[in-house]
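Q: Please walk me through the model shown here. I would like to go through it one part at a time.

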Amino acid sequence: MTEPILKVDNINVYYGSIHAIKGISFEVHSGEIVTLIGANGAGKSTTLNTISGLLHPTTGSIYFLGESVAKIQPHKIVVKGLAQVPEGRRIFAQMTVRENLEMGAYTQLNNNYFHDDLDKVYSLFPRLKERRKQIAGTLSGGEQQMLAMGRALMSRPKLLMLDEPSMGLAPILVEQIFSIIADVHKAGSTILLVEQNAQMALSVANRGYVMETGKIIATGTGEDLLSSPEIKKAYLGG
């Protein structure tokens, strides 16, 4: 098997005296959708924030494209090709849709690609094209999630990390967002997805890891985890 695009090796992360992540290891290979599922407080978002450099592991290693990134600043990790769509979207509410997308491209020093990338984002998210001059804070929750994803894609990421993309959205919009995640993947993106909606996450994922109180307690293909009686009982309301 080829070298993974992301390799997390036995990391431990503390918030003050709280041991939030307890020696977890996992990997993501190019072209995959990998999901981390688990209850609220399992450590899923903390894991993403550690990979993207917002937190640092006390022990353990994180390799992105074969290079150690555990001690690197977040903006330098983005330049290397790792983009995170944060929980709660965090768009620039006072800027237009188009200006938000321009902010996503700030790491792309070669501006020859800018209009191509913008066209790609508009083709994935036609609603954003329609609303490109609209102030982002006036968009609906679903549209803001599309904008957060589009903004991340403007940085041409080699790995796209999505943190709770369905949070706070109506069920019909959740389906739409997951359909878009599948389209983004088909268009060539490798995705690491953190999601409380385990059913939806596992239905699009190649592989999944189940987290509980800072540890990984199970792993398997999306299909295997969806059909596992233990996982069904604990996370899928079965």
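A: In H1, the buried residues are Lys44, Ser45, Thr46, Thr47, Leu48, Asn49, Thr50 and Ile51. Here "buried" stands for a relative accessible area under 20%, "exposed" for over 50%, and "partly exposed" for values in between, using a 1.4 Å probe and protein chains only. Helices (H or I, at least four residues) and strands (E, at least two) are DSSP runs, numbered from the N terminus.

Q: What kind of model is this, and how are residues numbered?
A: The model is predicted: local features need pLDDT of at least 70 and side-chain atom pairs pLDDT 80 or more, while totals for chains, interfaces and linings use all residues. Residues are numbered from 1 along each chain as its sequence is written, and side-chain values use heavy atoms, leaving out hydrogens and water.

Q: Back to H1, then. How many of its residues are buried?
A: The count is 8 of the 8 residues, so H1 is largely enclosed by the rest of the structure.

Q: Which residue follows H1, and what is its phi?
A: Gly53 follows H1, and its phi is positive, near 90 degrees.

Q: What is Asn49 in contact with?
A: Asn49 is found in H1, residues 44–51. Leaving aside neighbours within four places in sequence, Asn49 is in contact (heavy atoms within 4.5 Å) with Leu54, Leu55 and Gln84.

Q: Changing topic: in what order do the strands of the 6-strand sheet lie?
A: The order is S6-S7-S8-S3-S9-S10, in an open sheet with mixed pairing. Two strands pair if DSSP finds at least two bridges between them. Strand S6 (82–85) and strand S10 (215–221) are the edge strands, each pairing on one side only. From one strand to the next, the twist averages 15 degrees. Axes are lines fitted to C-alpha atoms, for helices over the stretch in contact, and angles run from 0 to 180 degrees between N-to-C directions.

Q: Which strand does S3 pair with over 4 bridges?
A: Strand S3 (residues 33–37) pairs with strand S9 (residues 207–212) in the parallel sense over 4 bridges. Val34 stands opposite Arg207 in S9, and Ile37 has Val210 of S9 as its bridge partner. Helix H7 (residues 171–186) packs on this sheet, touching S3, strand S7 (159–163) and strand S8 (191–194), and its direction makes about 160 degrees with that of S8. S3 also pairs with S8, again in the parallel sense over 4 bridges; there, Leu36 has Val194 as its bridge partner.

Q: Which way do the residues of S3 point?
A: Ile33, Thr35 and Ile37 point one way, whereas Val34 and Leu36 point the other way, and all are buried. In a regular strand, side chains alternate between the two faces of the sheet. With 5 of the 5 residues buried, S3 is largely enclosed by the rest of the structure.

Q: How many aromatic pairs does a search of the whole structure find?
A: The search finds 1 aromatic pair. Phe26 and Tyr209 form this tilted pair, at 5.4 Å centre to centre with 50 degrees between the planes. Phe26 lies in strand S2 (residues 18–28) and Tyr209 in S9, so the pair ties together parts 183 residues apart in sequence. Rings of Phe, Tyr and Trp (its six-membered ring) pair if their centres lie within 6.5 Å; planes under 30 degrees apart count as stacked, over 60 as edge-to-face and the rest as tilted.

Q: Are Phe26 and Tyr209 buried or exposed?
A: Both Phe26 and Tyr209 are buried.

Q: S2 came up just now. What is the order of the open sheet of 4 strands?
A: That sheet has the order S2-S1-S4-S5, with antiparallel pairing. Its edge strands are S2 and strand S5 (67–68), each pairing on one side only. Strand S1 (residues 6–15) and S2 run antiparallel and are joined by 8 bridges, with Tyr15 opposite Ile18 in S2.

Q: Last topic: at what angle do the axes of H3 and H6 cross?
A: The axes of helix H3 (residues 97–104) and helix H6 (residues 141–153) cross at roughly 35 degrees and come within 7 Å. Val97, Asn100, Leu101 and Gly104 of H3 make the contact with Leu147, Gly150 and Arg151 of H6.

Q: And where is Gln144?
A: Gln144 is in H6 and is buried, with a relative accessible area of 17%.
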